[in-house]
Amino acid sequence: MLIALFCCNTALALPLVEKQTFTTKQFALFSGKVLPEVTVGWESYGELNEAKDNVILITHYFSGSSHAAGKYHEDDAQPGYWDAIIGPGKPIDTSKYFVISVDSLANLSAYDDNVITTGPASVNPETNKPYGLDFPVVTIRDFVNVQKAVLESLGIRKLHAVIGPSMGSMQAIDWASAYPQWVPRMVSVIGSGQSDAWTTAALEHWARPIRLDKNWNDGDYTRQEPPTEGLVSALMLITQQALHPAFFNQQGNSIDYQPVEPAPLEDIRQSHSIVNWLEQRARSRADKMDANHLLYLVRACQLFVAGHKDSLQQGLSTIKAKTLFMPAANDLLLMPYLSTRTYEQLRKAGKNSHYAELQGNLGHLEGVLDIQEQGEKLKSFLNDDK
């Protein structure tokens, strides 16, 4: 989201990263529907050992991709989003672990050259036309099952750990619930064990601007005439909710925002400087994203409960992994109570669960852009077999 505003630690740099491709046929979804073909991208860092048991899976956030660390080219402006903690000698140590990440189904950045995904913007091989809303609803479990298929194609049958932020945390805990024999360690960063009523309604606000855009046309639009204004409005809302007022107000100060500015005072059609700042950032990203994909990701998050059972308690009951929950103290999007509630239920059930809060001023994005704050805690958790 705002990664370009921050400088990541690249003192111990990874070699250049290469995107890989995985394709599978007749992929069965959690809903019971079947996709005739699924193709996704994936990246890895470090070396897979002979026993293939040194694997850490990174599950990415809502607007993220499998580009968790490193660079594609030496002149890339920024490395992957968790480069500060993934690499030789870093908390997720690639001299010890084989780290892998997979692009999600319906990935938001459908038109990014470095993202490979199957979703509503993809061509349906049975009709030779884009799926649009004929693409079936997908769930967090489907993201997990695609990742599992990628791992199995590499001969991997067990993880050392699964770790993810935000929507990635949902995938991580679903891994631990659905495939407990695979997952001895799970880390949920700025996460949740389920989408409760508040979160489900909040997520719906991300979808509404797109549905109200005249170009959306019930999901039937072209690449040349997409619902750009709806998508930009959705991205503006997502970005603001992912930040804390303390950080957001710092940005206002940096551009000399004032409540009484000449343009909005003189013309109702003009906006304040801080609104223009937010819009410019959203608009600069929208061209590589697909509006329908955003709707599908929203729905996947709304449908989420760990284990995809009838209740959170049922989903948590199958978890065998040692778990670590790392919410951001001032997160206003996936608020800390969502992690705390899950952690407490696991502890009550006698599970080996741990908790550590991120304390910076970035709000939800603390878990993406300042995760190194708890780097030693993460390193200790991954290396401790107790």
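## Sheet

In what order do the eight strands of the open sheet lie? The order is E1-E2-E6-E3-E9-E10-E11-E12, and the pairing is mixed. The edges are formed by strand E1 (20-28) and strand E12 (353-355), each of which pairs on one side only. From one strand to the next, the twist averages 20 degrees. The model described here is predicted.

Within this sheet, strand E2 (residues 34-45) pairs with strand E6 (residues 98-102). The sense of this pairing is antiparallel, and it extends over four bridges. Serine 44 has isoleucine 100 of E6 standing opposite.

## Helices on the sheet

Helix H2 (residues 167-178) packs on the sheet. The strands touched by H2 are E3 (55-58), E9 (161-165), E10 (185-189) and E11 (322-326). The direction of H2 makes about 155 degrees with that of E9.

Helix H10 (residues 336-348) lies across E11 and E12. Relative to E12, which is one of the edge strands, H10 runs at about 150 degrees.

## Overall dimensions

In total, the protein contains 12 helices and 12 strands. The radius of gyration is 20 Å, close to the 21 Å that the globule rule gives for 386 residues, so the protein is as compact as a globular protein of that length. The C-alpha trace spans about 65 × 50 × 45 Å along its principal axes.

## Largest cavity

The count of cavities of 30 Å³ or more comes to one. The largest cavity holds about 160 Å³ of space. Its lining consists of 18 residues, and Phe62, Ser166, Trp206, Leu333 and His364 are the closest to its centre.

Which helix gives the most to the lining of the largest cavity? Helix H3 does, with three residues. Both H2 and H3 (197-212) supply at least two residues of this lining; H2 is also the helix that packs on the sheet through E3, E9, E10 and E11. By class, the lining of the largest cavity has 14 nonpolar and four polar residues, with no charged residues.

## Second largest pocket

The second largest pocket has a volume of about 290 Å³. A total of 16 residues line this pocket. Those nearest its centre are Pro130, Gly132, Gly219, Asp220 and Tyr221.

How many nonpolar, polar and charged residues are in the lining of the second largest pocket? There are seven nonpolar, four polar and five charged residues. The lining of the largest cavity, by contrast, has no charged residues.

## Alanine 110

Alanine 110 is located in the loop between E6 and strand E7 (123-124). E6 is the strand that pairs with E2 in the antiparallel sense. With neighbours within four places in sequence left aside, alanine 110 is in contact with Thr117, Ala121, Lys288, Met289, Asp290 and His293.

Alanine 110 and tyrosine 355 are 245 residues apart along the chain, and a distance of 35 Å separates their C-alpha atoms.

Key. Residues numbered from 1 in each chain as written. Predicted model: local features only at pLDDT ≥ 70, side-chain atom pairs only at ≥ 80, totals over all residues. Heavy atoms only, no water. 1 Å grid on protein atoms, 1.4 Å probe; cavity = no way out; pocket = protein on both sides within 12 Å on 5 of 7 lines; lining within 4 Å. Points joined across faces, edges and corners; volume = space filled by probe spheres on them. Nonpolar A, V, L, I, M, F, W, Y, C, P; charged D, E, K, R; others polar. Pairing = 2+ DSSP bridges. Axes fitted to C-alpha atoms, helices over the stretch in contact; angles between N-to-C directions. Contact = heavy atoms within 4.5 Å. Rg over C-alpha atoms; globule rule 2.2 N^0.38 Å.
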